[in-house]
Amino acid sequence: MATILIAAGAFTLSGTVRGIRNNNPGNIRKGADWDGAAGDDGAFVIFDSPEFGIRALSKLLLNYERLYGLNTVSGIINRYAPTNENNTLAYVESVAGKLGVNPHEQITVADRLPELVKAIIYHENGQQPYSDDLIGRGIGMAVEYRYA
């Protein structure tokens, strides 16, 4: 299947964004053994369902704060989307704008997780097609096993 690259992500000719198609709306690269992983597409994890992809994204974000002390949008996105692969400054500004915070303002990740997840999904895919309920289920899966 042919792929067209555009600013918001890679689209197949059918119009499905890679992150959505892979149930990996955070576009998490292969490497770790994730619960719910069904394989990879050569570069990115393919999850069994979007909930598992949102779970993985949520776990990463929670761990950025817990393990590395990253509690600003700037700190989180600079680790999540490094400049060698992304326009990180634009990414930071996009996510901070959606959260309504200064990029360097401290946040409690767990308290802002639904908004943060939605903002990252939107930036990664050019859309955020998931319901609040589905996002909540994915986050709930991450929080339930947060320190596992």
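Me: Which pattern does the protein follow when read along the sequence?

Reply: Helices (H or I, at least four residues) and strands (E, at least two) are DSSP runs, numbered from the N terminus. Read in that order, the protein follows the pattern β-β-α-β-β-α-α-α-α-α, and its secondary structure comes to 6 helices and 4 strands. This is a predicted model, in which local features need pLDDT of at least 70 and side-chain atom pairs count only at pLDDT 80 or more, while totals for chains, interfaces and linings use all residues. Residues are numbered from 1 along each chain as its sequence is written, and side-chain values use heavy atoms, with hydrogens and water left out.

Me: What percentage of the 148 residues of the protein count as buried?

Reply: A residue is buried under 20% relative accessible area, exposed over 50% and partly exposed in between, with a 1.4 Å probe and protein chains only. Of the 148 residues here, 47% count as buried. As for contacts, meaning heavy atoms within 4.5 Å, residues 24 or more positions apart account for 53% of those with a separation of 6 or more.

Me: How many residues of H3 are buried, and which are they?

Reply: In helix H3, which spans residues 73–80, 6 of the 8 residues are buried, so the helix is largely enclosed by the rest of the structure. The buried residues are Val 73, Ser 74, Gly 75, Ile 76, Ile 77 and Tyr 80. Their cover includes H2, helix H4 (88–99) and helix H5 (109–125).

Me: Which residues are in contact with Val 73, leaving aside its neighbours within four places in sequence?

Reply: Val 73 belongs to H3 and is buried at 0% relative accessibility. Its contacts, with those neighbours left aside, are Val 92, Val 95, Ala 96, Leu 99, Val 101, Pro 103, Glu 105 and Ile 107. Val 73 and Val 101 are 28 residues apart along the chain, and their C-alpha atoms are separated by 8.3 Å. Ser 74 is also buried, at 12% relative accessibility; not counting residues up to four places away in sequence, Ser 74 touches Val 92, Pro 103 and His 104.

Me: At roughly what angle do the axes of H3 and H4 cross?

Reply: Two packed helices are described by the angle between their axes and the distance between the axes. Axes are lines fitted to C-alpha atoms, for helices over the stretch in contact, and angles run from 0 to 180 degrees between N-to-C directions. Angles under 35 degrees count as roughly parallel, over 145 as roughly antiparallel, 65 to 115 as roughly perpendicular and the rest as oblique. The axes of H3 and H4 come within 9 Å and cross at roughly 135°, and the two helices are therefore oblique to each other. Val 73, Ser 74, Ile 77, Asn 78 and Tyr 80 in H3 meet Thr 88, Tyr 91, Val 92, Val 95, Ala 96 and Leu 99 in H4.

Me: Is the crossing of H3 and H4 left-handed or right-handed?

Reply: A crossing is left-handed if the near helix is turned anticlockwise from the far one by less than a right angle, and right-handed if clockwise. The crossing of H3 and H4 is right-handed.

Me: Within what distance do the axes of H2 and H6 come?

Reply: Helix H2 (residues 50–68) and helix H6 (residues 132–144) have axes that come within 7 Å and cross at roughly 55°. H2 and H6 are therefore oblique to each other, and H2 passes H6 in a right-handed crossing.

Me: Which residue lies over the face of Tyr 68?

Reply: A charge sits over a ring if NZ of Lys or CZ of Arg is within 6 Å of the ring centre and within 35 degrees of the ring normal. Arg 79 lies over the face of Tyr 68, at 3.9 Å from the ring centre. Lys 98 lies over the face of Tyr 122, at 4.3 Å from the ring centre.

Me: Where is Asn 23 found?

Reply: Most residues other than glycine have a negative phi. Asn 23, however, has a positive phi near 55°; this residue is found in the loop between helix H1 (18–21) and strand S3 (37–40). Asn 23 is buried, with a relative accessible area of 18%. Asn 27, placed in the loop between H1 and S3, has a positive phi of about 50° and counts as buried at 16% relative accessibility.
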